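Open the model in your viewer and keep the selection tool at hand. Each stop below says what to pick and what you will find there.

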Amino acid sequence: MLRRTGLLTVLFSLGFTALAFAAEEAGASVTVTGLKFFSWSALAAALAITFAATGCGIGQGLAVKGSVEGVARNPEASGKITVTMLIGLAMIESLTIYALVVALILIYANPVSKLIQGFIGLAGH
Amino acid sequence: MEHPVLFLPMLLKKLGLPVVLSADEAHTFLQKLLLPHVIYAWLLMLVFILIGWKVGKKIEVVPAKGQNFFETVLGGIEDFMIGIVGEEGRFIFPLIATLGIFILCSNYMGMIPGFYAPTSNLNTTLACAIIVVVYSELVGIRFHGIKYIKHFTGPVLWLAPLMFPIEVIGHLARVMSLSIRLFGNIFGEELVLAILFFLAGMYLAPLPMMVLGLFTGFIQAFIFCVLSMMYFAGAIEEAH
């Protein structure tokens, strides 16, 4: 019951944000409709980092778990195990960094934003 | 977010050179040449050349202070590299050591106020990654000749049409992964520091993130070198 409450909360909050985006349907000007692109971009960037960080946390936790068990079994090999663990952690972290770069591109360097600004009439510089 | 205060471009601007701080405003070739990441990369090059020249002037059998320190560092890197690449890979040591020390020092330069890390710009990291990947392919061709294709065809012959595009894409993805991993770590660190400074600079909020930044700077330089060594090792050894 507790697990399903958490999932339902997440789904409801996402549903409410979608409702908020769609709230100005009636009589919306082109500007307002076009600006929704930026709202959705911000949501996309946040969701990218959310899921990437979750997966990274789980993956790196498993990596550290394996290496700590290895050191506990064989304390003499702790130097090699630590080096291997750091290499593995950096590999896992790089996947989250890819998601971060996508999020940064969405927020700061969106290639479509000039097009959208032209469509909705804001002077794009 | 306004432009950060950078000492060297300010100095060069006072000397009259056309210096701009962001790539959008750089139109002429000289302006593109004097962007912050290029200037600070040159500063690092100057520092390394001076140190190398000064320490290497007089090499004695029983090493003194400076020579001892560098012998320890470079000897450590070389032993670690031989462990991964094997004895035939000794010739790539200058490239690996230079890349490692360059990336380490430029990561740490980002922590100093008034300085800018060249690796926090995608151009620098892309240059390092392209050099490593292209050189590893050339090393593979030099060692194996035309049989280097066997590295791309996978274990069994009839799988070759499937494995070949996958392996080629994998090798090209190495460029992207090396460059974006380093760029994302260092630029992300800098972005977090800037935001924390903007939010709570009075309460020394960026300090814990700076400690983390020192740690990840070292780790990222180490990972770049280890991955480069593994790519070279994969190119030198026999195909499975």
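Select chain B. It has eight helices and zero strands. Helices here are DSSP runs of H or I with at least four residues, strands are runs of E with at least two, and both are numbered from the N terminus. Along the sequence, chain B reads α-α-α-α-α-α-α-α. Its C-alpha trace spans about 65 × 50 × 40 Å along the principal axes.

This is a predicted model, in which local features need pLDDT of at least 70 and side-chain atom pairs count only at pLDDT 80 or more, while totals for chains, interfaces and linings use all residues. Residues are numbered from 1 along each chain as its sequence is written, and chains are lettered from A and ligands numbered from 1 in the order in which they are written.

Stay with chain B. Of its 240 residues, 25% are buried. A residue is buried if 20 or more other C-beta atoms lie within 10 Å of its own, exposed if 12 or fewer, and partly exposed in between, with C-beta atoms placed from the backbone. Now look at contacts between residues at least 6 apart in sequence: in chain B, 64% of them join residues at least 24 apart. Two residues are in contact if their C-beta atoms, placed from the backbone, lie within 7 Å.

Next, select α6(B). Its 23 residues should span 33 Å at 1.5 Å a residue, and its end C-alpha atoms are 33 Å apart, which agrees. The expected span is 1.5 Å times one less than the number of residues. Which residues of α6(B) are buried? Colour Thr124(B), Thr125(B), Cys128(B), Ala129(B), Val132(B), Val133(B), Ser136(B) and Gly140(B). What covers them includes α3 (36-55), α5, α7 and α8 of chain B. Just after α6(B), find Gly145(B), with a positive phi of about 70°.

Go to Pro113(B). It is in the loop between α5 (93-109) and α6 (122-144) of chain B. Is Pro113(B) buried or exposed? It is exposed, because it has 11 other C-beta atoms within 10 Å.

Now show both chains. Nine residues of chain B are in contact with eight residues of chain A. On the chain B side, α7 (160-200) and α8 (206-236) each supply at least two residues. α7(B) gives the most, with six. By class, that side has four nonpolar, four polar and one charged residue. Ala, Val, Leu, Ile, Met, Phe, Trp, Tyr, Cys and Pro count as nonpolar, Asp, Glu, Lys and Arg as charged, and the others, Gly among them, as polar.

Buried residues make up 8% of its 125 residues.

Select α2 (residues 30-73) and α3 (residues 78-108) of chain A. They pack at an angle of about 175°, with axes 8 Å apart. Axes are lines fitted to C-alpha atoms, for helices over the stretch in contact, and angles run from 0 to 180 degrees between N-to-C directions. So α2(A) is roughly antiparallel to α3(A), a term for angles over 145 degrees. Their contact has 22 nonpolar, eight polar and one charged residue.

From α2(A), pick Val30(A), Thr31(A), Gly34(A), Leu35(A) and Phe37(A); from α4(A), pick Ile116(A), Phe119(A) and Ile120(A).

Methods
Angles under 35 degrees count as roughly parallel, over 145 as roughly antiparallel, 65 to 115 as roughly perpendicular and the rest as oblique.
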